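Welcome! Take a moment to turn the model around, and then we can walk through it together.

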Amino acid sequence: MFLLLAMITVAGRSVAVCKTGNLRCEYLVNPIGIDSQHPRLTWLMVNDSQQGGQTAYQIVVGTDSLKVGAGTGDKWSSGKINSSQMLAPYNGPLLEPFSRYFWKVTVWDESGNSSSDSAPACFETGMMGVQNWKGTWITDTRDIALKPAPIFRKEFTVKKKVRSARAYIAVAGLYELSLNGNKVGNHRLDPMYTRFDRRTLYVAHDISKLVKEGRNAIGILLGNGWYNHQSTAVWYFDQAPWRARPDFCLDIRITYTDGTIETVSSGTDWRTTLSSIVFNSIYTGEHIDARMSQTGWNSAGFNDSAWKSAIPVGAPSANIVAQLLHPIRDVETIPVLKMTKLSDRHYLFDLGRNISGVSQLKVSGAAGTVIRLKHGERLGSDGLVDQSNIDAHYRPTDQLDPFGTDIYTLRGMGEEVFKPSFNYKGFQFVEVTSDQPVELNKGSLTGYFMHSDVPVAGNILSSDTILNKIWKATNSSYLSNLFGYPTDCPQREKNGWTGDAHTSIETGLYNFDGITVYEKWLADHRDEQQPNGVLPAIIPTSGWGYTWANGPDWTSTIAIIPWNIYLFYGDSKLLSDCYENIVRYVDHITQISPSGLTDWGLGDWIPVKSKAPKELTSSIFYYTDASILAKTAEILGKKGDAKKYGALAAKIKNAINSKYLNRETGIYGSGCQTELSAPLHWGIVPDELRSKVAASLASRVIADGKHLDVGLLGTKTILNALSANGYADLAYEVALQKTFPSWGWWIVNGATTLYENWPINAKSDISLNHIMFGEISAWFYKSLGGIYVDEQHPGFKNVMLKPDFVKGLNSFEASHNGPFGNIVSGWKRVRKSIEYHVIIPLNSSAELSLKGEEILEKGKSLSENKSIKVVKRESGLNVLSLKAGNYTFTIK
């Protein structure tokens with residue numbers, strides 16, 4: 001849905017009529033299971049002419065869709081609010097649990113036209129508190145070493161006509177829910193991973209179409225996930241303080257057409273047994289013995305007399321809250337590119353690209369035939385799957401749990417289909433071996449690209465094939481590492497490494513609508529923070545990472561990510577939710593680093609050859625955190641804190657410059673790329689020395705052969721520091737190098753994702769699907785597309801446009817779908833001129849900076865377009881103020 005300005009004819013002239021749409025609640029479309037008493041409501045405004053804006057809005061909320069559609073609500077009306085904002089929280093009487101509310105927004109445009117005939121949207125509350133649960137937490141045993149996954153069933157009778165039905169299920173571990181033999185929904189790996197003993201998520205499902213009159217059967221299959229980690233690796237998840245056998249609590253709430261309500265809940269009257277999944281590990285693989293399958297176990301009428309009763313257990317935490325984020329799904333089906341038959345017991349499948357997810361195998365064979373699917377990212381010198389780059393941190397205690405390997409035992413009843421339920425891997429190749437001859441073909445195996453199914457928010461297209469491939473590879477790595485929390489890699493670790501996440505936050509937000517995932521992950525931060533403010537290096541964690549690899553260069557996620565969410569969405573809620581956590585974090589660094597300099601951190605991880613001093617980079621992030629905290633305090637009206645932390649930021653900056661900056665030469669430290677680019681990018685360099693430091697950086701990059709010499713932290717800053725300080729052409733040369741070390745080097749050598757290390761043949765740290773070097777995609781949007789946020793008008797209410805028309809590139813276009821609509825910034829070379837096309841969404845504006853001696857818009861002078869105001873002309877730089885609209889500039 002979108003907010004449209006339709007055109008009607010009145011007395012022979014066209015008049016714009018508002019239409020509202022794209023109504024979302026908590027950034028989701030018509031969600032169910034809302035737990036918030038003040039859910040956020042957002043909407044959009046677009047039209048064909050791309051001109052105009054909103055001057056006021058009114059929200060009505062009610063339980064009758066027809067009345068709300070007519071403009072009246074029995075729950076709340078905001079009244080007419082004079083504002084151009086398109087984000088507002090519900091602020092009416094308390095919302096009732098298990099209730100559907102319809103809502104509608106009426107907007108007024110600059111001509112006084114209103115959107116009175118717009119369609120309503122809806123949201124539905126969930127439990128709204130643990131006191132409303134009726135079910136009992138149950139499991140099958142307390143034995144955490146028992147490997148087979150349990151299944152549970154319960155039959156119930158429906159005697160009346162059903163109006164609606166909802167399933168609310170909270171799980172410690174993972175689950176698949178079915179009703180009358182049908183799987184409920186298309187989510188994968190629900191619920192999302194949290195610190196289970198501090199926050200447990202429940203999921204709400206609409207099962208109205210699955211419940212039938214007469215006998216019904218509920219089936220639940222539980223998986224270990226991160227809750228009962230039976231595989232052993234260096235992060236000690238097998239020793240997690242929450243570890244227990246997976247368990248669940250379920251309420252099915254049925255509303256009948258006569259208005260009565262019945263609840264079917266989990267309890268000790270449920271029946272349970274072991275499933276055909278004889279082993280499952282989120283980390284390594286899944287083993288299935290199809291001979292143990294019980295056909296019809298989740299359908300009514302099944303004989304479960306041989307099963308046993310479920311046992312009651314305590315809830316994993318006292319904090320059971322709704323899972324409100326875009327779920328993990330099988331987003332893309334990947335056919336096999338090539339199959340090699342090595343023998344009738346040995347096959348090799350190549351998907352042609354690196355993904356996160358699972359493989360599905362279709363096969364026929366004799367009962368008891370054992371098939372192993374070994375997954376990997378690369379092949380060894382023998383042409384077989386080589387896992388040596390991804391199994392480095394695995395510490396198996398026996399040979400029964402092979403890394404990245406699924407094991408299937410055939411039932412022997414025709415074609416069988418195997419697909420893991422509770423695991424995912426990072427892979428391109430699947431090596432299939434069988435202890436008996438089987439006949440496979442190219443279509444026998446299919447790959448499924450799994451990740452959090454976040455909506456696409458950006459697009460890039462250029463005249464350079466390598467650039468386009470780098471952008472696609474970056475997106476693939478970003479999505480491969482988004483599973484309800486951002487990870488480092490989908491194979492070797494699957495950990496929520498903080499440093500990887502904050503360096504790639506802009507790449508994520510330019511390309512995808514990821515706010516729901518990040519808000520969930522920052523709640524994980526709040527759960528994991530120690531009372532003294534310390535955060536672990538990986539989040540969530542079993543307890544690992546509080547004493548190594550953390551520090552401001554990594555765990556500044558607590559400040560940097562909420563700040564970027566604010567900049568991209570114009571929504572300060574996450575900053576507010578995390579404010580006290582940021583305070584504790586910054587105060588802890590101040591306590592241990594009273595001088596303003598801190599050595600706490602990991603440093604510029606995996607550099608090419610030169611590494612900046614850890615004290616310099618960690619202190620820069622300490623400054624960044626203090627600066628964000630000061631600005632956040634100002635936004636939230638905490639004037640005293642704004643002054644306090646602003647002074648702290650100034651102190652840190654002075655301490656850094658006093659120790660590391662040579663004012664005569666414009667060089668920090670020894671002058672390596674990270675030492676120079678990080679102070680420039682993060683605002684450490686004094687204004688009067690920026691040009692000198694930038695010149696030093698450019699000289700250093702040229703001396704390095706116009707190639708990278710940075711690690712994780714420097715990758716974030718090097719291109720941005722160059723392009724923001726007059727060296728965009730040089731930044732582009734670095735970005736598009738095709739020889740070692742560079743992103744292009746990976747691409748020309750066949751990469752479809754980003755790597756963990758610059759050398760392709762590195763002996764360690766060589767995952768082939770890592771996001772930590774992914775800032776380049778955000779740089780494409782910022783430098784080449786020129787699309788920047790405006791801190792003073794966040795959420796792209798005002799777009800800062802500063803495109804760099806770099807040498808060597810003939811055309812480039814970036815688009816970003818922000819809170820006010822789709823922003824487009826594209827250019828191409830036409831003979832000796834640049835043709836630059838811009839779309840600024842309705843209800844927003846832009847400040848455009850262009851270099852050129854002569855600038856025309858659609859062939860006319862700028863003064864002829866009333867939507868353009870010339871703010872400044874100086875030394876060939878033209879600063880223009882643009883209203884919403886569609887523009888085409890010619891720059892000579």
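**A walk through the model**

Strand β6 (residues 54-62) pairs with β7 in the antiparallel sense, over two bridges. Within β7, Trp76 is the bridge partner of Val61. Both strands belong to an open sheet of five strands with mixed pairing, in the order β4-β10-β9-β6-β7. At its edges stand β4 (32-34) and β7 (76-77), each with a single partner strand, so one side of each is left without a neighbour in the sheet.

Before going further, please note that this is a predicted model, in which local features need pLDDT of at least 70 and side-chain atom pairs count only at pLDDT 80 or more, while totals for chains, interfaces and linings use all residues. Residues are numbered from 1 along each chain as its sequence is written, and side-chain values use heavy atoms, with hydrogens and water left out.

On a 1 Å grid over the protein atoms alone, a cavity is a set of points where a 1.4 Å probe fits but cannot get out; a pocket is an open set with protein on both sides within 12 Å along at least five of seven lines, and lining residues have an atom within 4 Å of a point. Grid points are joined across faces, edges and corners, and a volume is the space filled by probe spheres set on the points.

How many cavities of 30 Å³ or more does a search of the whole structure find? The search finds four. The largest cavity holds about 130 Å³ of space. It is lined by 14 residues, and Leu174, Leu189, Tyr193, Trp226 and Ile282 are the closest to its centre. Its lining has twelve nonpolar, two polar and no charged residues (Ala, Val, Leu, Ile, Met, Phe, Trp, Tyr, Cys and Pro count as nonpolar, Asp, Glu, Lys and Arg as charged, and the others, Gly among them, as polar).

The second largest cavity has about 80 Å³. Strand β14 (residues 174-179) gives the most to its lining, with three residues. This lining divides into five nonpolar, three polar and four charged residues. Among them is Asp190, which a cis peptide bond joins to Pro191, with omega about -10°. Pro191 sits in the loop between β15 (182-183) and β16 (200-206).

Of its 47 lining residues, Asn720, Ala724, Lys782, Tyr788 and Lys802 lie nearest its centre. Which helix gives the largest share of this lining? That is α9, with six residues. By class, the pocket lining has 24 nonpolar, ten polar and 13 charged residues.

Asn720 also belongs to α13, where it is buried; "buried" means under 20% relative accessible area, "exposed" over 50%, and "partly exposed" in between (1.4 Å probe, protein chains only). In helix α13 (residues 712-723), twelve of the twelve residues are buried.

Finally, look at two backbone details. Lys494, in the loop between α2 (465-480) and α3 (498-503), has a positive phi near 65°, and counts as buried at 1% relative accessibility. Ile606, in the loop between α8 (573-592) and α9, has a positive phi near 50°.

Definitions and conventions
Helix = DSSP H or I, 4+ residues; strand = E, 2+ residues; numbered from the N terminus. Pairing = 2+ DSSP bridges.
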